[in-house]
Amino acid sequence: MQQALLAPPLRSNLDPRSPDFAENREAMLKKLEQLEALLDEAEQGGGAHHHERLAKRGKLPVRERIALALDPDSPFLEISSLAAYNSSYTIGGGAVMGIGIIAGVECVIFANDPTVLGGALTPYVSKKWMRALEIARDNHIPYVSFVESAGADLRMRGAGEKNESSSPASARVDHFAESGRFFYEMTELSKLDIPTVCVVFGSSTAGGAYQPGLSDYNVVIKEQSKIFLAGPPLVKMATGEESDDETLGGAQMHADVSGLGEYLAEDEPDALRLCREIVSHLNWRKAGPPPSLRADPPLLDPEELLGTMDPDLKRPVDIRDVIGRVVDGSRFEEFKPRYGPTLVCGFASIHGYPVGILGNNGVIYPESAEKGAHFVQLCNQIDVPLVFLQNLTGFIVGRDYEHAGIIKKGSQLINAVTNSTVPHLTVIVGASYGAGTYAMSGRAFNNRFTFIWPSAKIAVMGGKQIAGVMSIVRRGQAARKGEAFDEEADAQIRAAVEDMQEKGSIALEASGAISDDGIIDPRDTRTVLGICLSVVRNTPIEGAEGYGVFRL
Ligand code: COA
């Protein structure tokens, strides 16, 4: 049996029989029910009509394609499954993306859903595609694409804004200009020795055609795959030439004549078998170390994670109650527990992978920031990945704290996190407000993965604070002009701003906009982090070099 960390297990003061716990649990279960319903909707893609058409053509739904490619009984960590929530686009965004194991190799899989606008490149498909390429590059894992795409979204709409009727031309131009980046990124993967494998399941036109064009290996399917820069109607318009799908860009033609298709499959299951065969010959070896510590389950019950967070996020939560239900054996060696206690730092392991954990116990004080910066450097010194558990309302404000150098100390933490080179995994378990979001390795800080709990919120600050600040600004303007201040109008504006801000900050909105990798059931936190810790080990785990640990 492998050695465990010698730290003792955490104890918890959480009382699962208390009314508070029961209320929190009830609220979390309601949110999970809502999520389930939305995930079912996402699975329906373009709807029953399009699924029937697919079935009549002898084709499989996108999720079945993925399931057939994966090793039996292996997990699939779907990323951004609720993309496009609360937009006029189909929930899920028109593509399925995630990490799965093919022939024993962790791969990122990006698959067009042909039931949604023929797999056209809507802004959400584009964003998911870009994220898939980023995951492949950052974690150095093979990139597998299942292509069936009508190419550019030819409807005259804006790039993802909620009220598409405004449809600014500039947004369309931006979207078009940025889209070219995919081609660059795909080509670059190959240069970085990250294999790209493409299975073409249907019509792959224009932008869609470059996906096989830029892949290392292509599988095409007899009488089903069609790849052309322009289909027969456009060719007729451009040159007057008469053609048909098969002779212009059919699978047989690409296998026999153009040479674009390396492997010719009989049907979809055969194509997926060939895809698995290709990945199995990649001679894949992970550059990072295997798990080195004992991977026993937590002693504290992960089921109880359902009752840890108060839905309005105002009640303080001891982040150790989360840590103890996620880490191996609930063991946690806390670093400097008596200093800067609002940032809990310490060493643990998850599924046998050593980690350093930073978790918020409220607002960040100068001492907490200083401790965090010190701890990040320690983990870099010993090549240990970092897990950030966010639940913070930002950095502390006020005269005393400005005098104590909160800007300086906060910047030290930001500096340490920015220059840290071990992988960062972030879970937003509660509030994620202000610059603290960045200091705790938010999405903007090049972390490898960001997941969010259903009750979490992310924003520049709370709704009440934003509404209140703007009210003070309006009051000051009125005073300067010598005008009477309209209290009633101000109260109405405050209420509207607060409401809008609160709604806009919820996890579903953030996830819908693909500003994280997805909402997870709190009980799955350990599993999700375990998968990610395994994935990041496709790269060497190397801490930042250049200077030693500054005692801050
Ligand atoms: N942009 C936006 N929507 C598109 C689209 C595109 N490029 N191509 C197709 N769609 C939509 C259709 O309007 C239809 O929408 P609906 O669900 O509201 O009915 C849906 O996708 C399915 O299209 P349909 O033609 O009925 O399906 P199909 O399976 O028979 O054919 C294609 C799919 C992709 C082969 C065919 O639609 C096609 O050739 N599209 C044009 C592709 C093209 O020339 N792209 C150029 C990109 S630069």
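# A first walk through the model

The lining of the largest pocket is made of 17 nonpolar, five polar and six charged residues. Hello everyone, that is where I would like to begin today. Please keep in mind that what you see is a predicted model.

So, how big is this largest pocket? Its volume is about 650 Å³. The lining counts 28 residues, and those nearest the centre are Leu-39, Phe-76, Glu-78, Ser-81 and Ile-519.

Now to the cavities. Rolling a probe the size of a water molecule over the atoms shows where empty space is left. Across the whole structure, two cavities of 30 Å³ or more turn up. The largest cavity has a volume of about 70 Å³. Around the largest cavity there are 14 lining residues, with Ala-42, Ile-91, Gly-92, Ala-95 and Val-96 nearest its centre. By class, the lining of the largest cavity has five nonpolar, five polar and four charged residues.

The second largest cavity holds about 30 Å³ of space. Which residues line the second largest cavity? They are Asn-24, Ala-27, Met-28, Lys-31, Met-309, Pro-311 and Ser-455. Four residues of that lining are nonpolar, two are polar and one is charged.

Next, the ligand. What surrounds the ligand? There are 13 residues around the ligand, and the closest are His-50, Arg-53, Arg-57, Ala-150 and Ala-152. In the side chain of His-50, an N or O atom is 2.7 Å from an oxygen atom of the ligand. The backbone takes part too: a polar backbone atom of Gly-118 is 3.3 Å from an oxygen atom of the ligand, and a nitrogen atom of the ligand lies 2.9 Å from a backbone N or O atom of Leu-154.

On to charged pairs. Side chains of opposite charge can pair when their charged atoms come close. How many salt bridges are there? The count comes to 32, and I have picked a few to show you.

Take Arg-315 and Asp-20, whose closest N and O atoms are 3.0 Å apart in their salt bridge. Arg-315 sits in the loop between helix H11 (268–280) and helix H12 (320–323), while Asp-20 belongs to helix H1, so this pair ties together parts that are 295 residues apart in sequence. Arg-315 is partly exposed, at 38% relative accessible area, and Asp-20 is partly exposed, with a value of 38%.

Another pair is Glu-277 with Arg-273, a salt bridge with 2.6 Å between the closest N and O atoms. Both of these residues are in helix H11, four residues apart, or about one turn of the helix. Glu-277 is partly exposed at 41% relative accessible area, and Arg-273 is partly exposed at 42%.

Then there is the salt bridge of Arg-331 with Asp-296, where the closest N and O atoms are 2.7 Å apart. Arg-331 is in the loop between H12 and strand E9 (333–335), and Asp-296 is in the loop between H11 and H12, so the pair ties together parts 35 residues apart in sequence. Is Arg-331 buried or exposed? With a relative accessible area of 9%, Arg-331 is buried.

Salt bridges can also be found linked in a network, and the members of this one are Lys-59, Arg-65, Glu-148 and Glu-268.

Finally, a few details of the loops. Most residues other than glycine have a negative phi, and most peptide bonds are trans. Leu-117, though, has a positive phi, near 50 degrees. Leu-117 is in the loop between strand E3 (105–112) and helix H4 (123–139), and at 38% relative accessibility Leu-117 is partly exposed. Asp-193 also has a positive phi, near 65 degrees. You will find Asp-193 in the loop between helix H6 (181–191) and strand E5 (196–205), where Asp-193 is exposed, at 59% relative accessibility.

My last stop is Ser-215, in the loop between helix H7 (210–213) and strand E6 (217–221). Ser-215 is buried, at 11% relative accessible area. What does the side chain of Ser-215 reach? It comes to 2.7 Å from the backbone oxygen of Gln-211.

Terms used: Residues are numbered from 1 along each chain as its sequence is written. This is a predicted model: local features need pLDDT of at least 70, side-chain atom pairs count only at pLDDT 80 or more; totals for chains, interfaces and linings use all residues. Side-chain values use heavy atoms; hydrogens and water are left out. On a 1 Å grid over the protein atoms alone, a cavity is a set of points where a 1.4 Å probe fits but cannot get out, and a pocket is an open set with protein on both sides within 12 Å along at least five of seven lines; lining residues have an atom within 4 Å of a point. Grid points are joined across faces, edges and corners, and a volume is the space filled by probe spheres set on the points. Ala, Val, Leu, Ile, Met, Phe, Trp, Tyr, Cys and Pro count as nonpolar, Asp, Glu, Lys and Arg as charged, and the others, Gly among them, as polar. A salt bridge is a side-chain nitrogen of Lys or Arg within 4 Å of a carboxyl oxygen of Asp or Glu. Helices (H or I, at least four residues) and strands (E, at least two) are DSSP runs, numbered from the N terminus. Buried means under 20% relative accessible area, exposed over 50%, partly exposed in between (1.4 Å probe, protein chains only). A residue is near a molecule or strand if one of its heavy atoms lies within 4 Å of it. A polar contact is a pair of N or O atoms within 3.5 Å; within protein, one must be able to donate a hydrogen and the other to accept it, and residues adjacent in sequence count only if both atoms are side-chain atoms.
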